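Welcome, and please keep your viewer open beside this page. We will go from one selection to the next, with a short note on what is there each time.

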Amino acid sequence: MSAPRTWIVDAGRAANAEGMPRRALPDRPRAPKVQRGKGYGHRGRPRTQSADADEFADLMRIYREQVTILEPIMEVMRGEEKQLAVLRLLRDVLTRPDDIGARQRWLALVMAGRGGEHP
């Protein structure tokens with residue numbers, strides 16, 4: 001029978017590559033703050049952006065294709081920004097049918113359109 005083995009702290013394991021324990025090392029520098037892109041300077045939901053020519057043409061195509069659905073909703077929406085937001089939301093639902101969040105936002109918008117203006 002062999003003698004029981006005991007564990008001995010190895011100085012190399014308790015120290016880093018320079019031979020100093022981790023607690024003796026200076027603190028690591030902090031990571032730089034995340035710089036957000038343009039349009040995120042304010043808290044909350046970003047403002048609705050106006051559409052460029054290509055996006056506007058795409059949104060108008062969607063409006064013409066879905067006019068029976070959109071006409072009652074657009075009558076309730078006041079302002080071009082809100083109407084563009086409605087068209088963008090419908091575009092998201094049509095292009096990404098598996099996006100549950102877009103579908104829920106569309107349903108909330110339709111339900112709000114029945115009772116009044118969408119916030």
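## First stop: a buried pair

Select Arg88 and Glu55: both are buried, a word used here for under 20% relative accessible area, with exposed meaning over 50% and partly exposed lying in between (1.4 Å probe, protein chains only). You are looking at a predicted model, in which local features need pLDDT of at least 70 and side-chain atom pairs count only at pLDDT 80 or more, while totals for chains, interfaces and linings use all residues. Residues are numbered from 1 along each chain as its sequence is written, and side-chain values use heavy atoms, with hydrogens and water left out.

Now show the side chains of this pair. Arg88 and Glu55 form a salt bridge, with 2.8 Å between the closest N and O atoms; the term means a side-chain nitrogen of Lys or Arg within 4 Å of a carboxyl oxygen of Asp or Glu. Arg88 sits in helix H4 (residues 80–95) and Glu55 in helix H2 (residues 53–65), so the bridge ties together parts that are 33 residues apart in sequence. Helices here are DSSP runs (H or I, at least four residues), as are strands (E, at least two), numbered from the N terminus.

## Follow the charges

Why does Glu55 count as buried? Its relative accessibility is 19%, and the cut-off for buried is under 20%.

Next, select Asp99 and Arg96, another salt bridge, whose closest N and O atoms are 3.4 Å apart. Asp99 is partly exposed, at 26% relative accessible area, and Arg96 is partly exposed too, at 41%.

Which residues are linked in a network of salt bridges? Select Glu55, Arg88, Arg91, Asp92, Arg96 and Asp99 together to see it. The count of salt bridges comes to seven.

## Walk along H4

Colour H4 next. This helix has 16 residues and reaches 22 Å from its first C-alpha to its last, close to the expected 22 Å, which is 1.5 Å times one less than the number of residues. Its buried residues are Leu84, Val86, Leu87, Arg88, Leu89, Leu90, Arg91, Asp92 and Val93.

Met60 is partly exposed, with a relative accessible area of 24%.

## Into the nonpolar core

Select Leu70, Ile73, Val86, Trp106 and Leu109. Of the 15 residues in the largest nonpolar core, these touch the most other members; such a core is a set of buried Ala, Val, Leu, Ile, Met, Phe, Trp, Tyr and Cys residues joined through side-chain atoms within 4.5 Å. H2, helix H3 (67–76), H4 and helix H5 (100–115) each supply at least two of its residues, and the largest share, six residues, comes from H4.

## Zoom out

Finally, show the whole protein as a cartoon: five helices and zero strands. Of its 119 residues, 18% count as buried.

Now colour by pLDDT, the predictor's confidence in each residue, from 0 to 100. The mean is 77, and 70% of the residues reach 70 or more. Among the elements, helix H1 (residues 11–14) has the lowest mean pLDDT (52) and H4 the highest (88).
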